[in-house]
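Thanks for asking me to look this over. Here are my notes as numbered points, to be read with the model open beside you.

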Amino acid sequence: MQITTWNVNGLRAVLRKDAMDWVFETGMDVIGLQEIKSREDQLTKAQHELFADQHAFWNPAERAGYSGTLTLSKVAPSESIRGFGIEKFDAEGRVVQSVFDDFRLFNIYFPNGQRDQGRLDFKLEFYAELLNYVDELHKKGEHVVIMGDYNTAHNEIDIARPKQNENTSGFMRIERDWVDKYEEHGLVDAYRALYPEKVEYTWWTYRAQARERNVGWRLDYFMVSEGLMPRVKDVVVHGDVMGSDHCPVSLFLD
């Protein structure tokens, strides 16, 4: 099973660039898109036809042109859920849950904390409440896969210029501690578990030719329940796929 996560930074823009073509050509089973910035009714008929053979579950933000998630799946999940039950987070369209036979897949656009202290606090509260939710699922014996744009580079290996960004939201110690806490609660960063020394990034600012110079951050992860790790065969960063300031990342499950 191939599952792909991609922050498209505007679904309609990516579709206009034909940047989604590779998605349909590679035959992946599930793709989670973040920061879609659109509603279902804003796509053209031709754009909808691209998804004709997919089960599409939309979760746009209440605010127009902002945030939003979309999960596409070849096989319909037994259940699809918008959000995780906390209105102030759910209103921003940040979470889609897809329940499959033996695991629950989260497609998540984690908040960005760079705007001000209020948004940083909002981001940290999101981390905390989501972890509480996942803890309850683990207690019930469920396995989870949490894919998406975490908006935090976990360790120095995950960012090109760690020293210069110690006080920048996305690499602040208080944010990185939450990723540590997720690992302490039975979740594994699948890419880093397979590739402890590999340096790859998934996001580059549009400024100063950062992508061409590979001055980037690894922000897009798959965190999976420890019990699922034996089924994880690979995690691939598609750094050559253009169309967004993020690149897609794929998880291969046996």
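1. Let's start with Arg173, which is partly exposed in this predicted model. Its relative accessible area is 40%, and its salt-bridge partner is Asp177, with the closest N and O atoms 2.8 Å apart. Asp177 also counts as partly exposed, at 36% relative accessibility. Both residues belong to helix H6 (residues 173–184), where they sit four residues apart and are therefore separated by about one helical turn.

2. If you are keeping a tally, the model has 19 salt bridges.

3. Glu136 is partly exposed at 40% relative accessible area. Lys139, at 67%, is over the 50% cut-off and so counts as exposed.

4. The closest N and O atoms of Arg94 and Glu92 are 2.7 Å apart.

5. Next, please look at how H5 and H6 pack. Their axes are 11 Å apart and meet at an angle of about 5°, which makes H5 roughly parallel to H6. On the H5 side, the contact is made by Leu120, Lys123, Leu124, Phe126, Tyr127, Ala128, Leu130 and Leu131. H6 contributes Ile174, Glu175, Trp178, Lys181 and Tyr182. Sorted by class, this contact has 10 nonpolar residues, three charged ones and no polar ones.

6. Now to the aromatic rings, which form 15 aromatic pairs in the model. In the pair of Phe89 and Phe122, the ring centres are 4.8 Å apart and the planes stand at 65°, so the pair is edge-to-face. Phe89 comes from helix H4 (residues 87–90) and Phe122 from helix H5, so this pair ties together parts that are 33 residues apart in sequence. Both Phe89 and Phe122 are buried.

7. Phe89 has a further ring partner in Phe126. Why is this pair called edge-to-face? The planes are at 85°, which is over the 60 degrees required, so the pair is edge-to-face; the centres are 5.1 Å apart. This pair also links distant parts of the chain, with Phe89 in helix H4 and Phe126 in helix H5, 37 residues apart. Phe126 is buried, as is Phe89.

8. Finally, a look at a loop residue. Ser38 is found between strand E2 (30–34) and helix H3 (45–50). With a relative accessible area of 4%, Ser38 falls under the 20% cut-off and therefore counts as buried. Which residues does Ser38 contact, leaving aside its neighbours within four places in sequence? They are Leu11, Arg12, Leu43, Trp58 and Pro60.

Conventions:
Residues are numbered from 1 along each chain as its sequence is written. This is a predicted model: local features need pLDDT of at least 70, side-chain atom pairs count only at pLDDT 80 or more; totals for chains, interfaces and linings use all residues. Side-chain values use heavy atoms; hydrogens and water are left out. A salt bridge is a side-chain nitrogen of Lys or Arg within 4 Å of a carboxyl oxygen of Asp or Glu. Buried means under 20% relative accessible area, exposed over 50%, partly exposed in between (1.4 Å probe, protein chains only). Helices (H or I, at least four residues) and strands (E, at least two) are DSSP runs, numbered from the N terminus. Contact means heavy atoms within 4.5 Å. Axes are lines fitted to C-alpha atoms, for helices over the stretch in contact, and angles run from 0 to 180 degrees between N-to-C directions. Angles under 35 degrees count as roughly parallel, over 145 as roughly antiparallel, 65 to 115 as roughly perpendicular and the rest as oblique. Ala, Val, Leu, Ile, Met, Phe, Trp, Tyr, Cys and Pro count as nonpolar, Asp, Glu, Lys and Arg as charged, and the others, Gly among them, as polar. Rings of Phe, Tyr and Trp (its six-membered ring) pair if their centres lie within 6.5 Å; planes under 30 degrees apart count as stacked, over 60 as edge-to-face and the rest as tilted.
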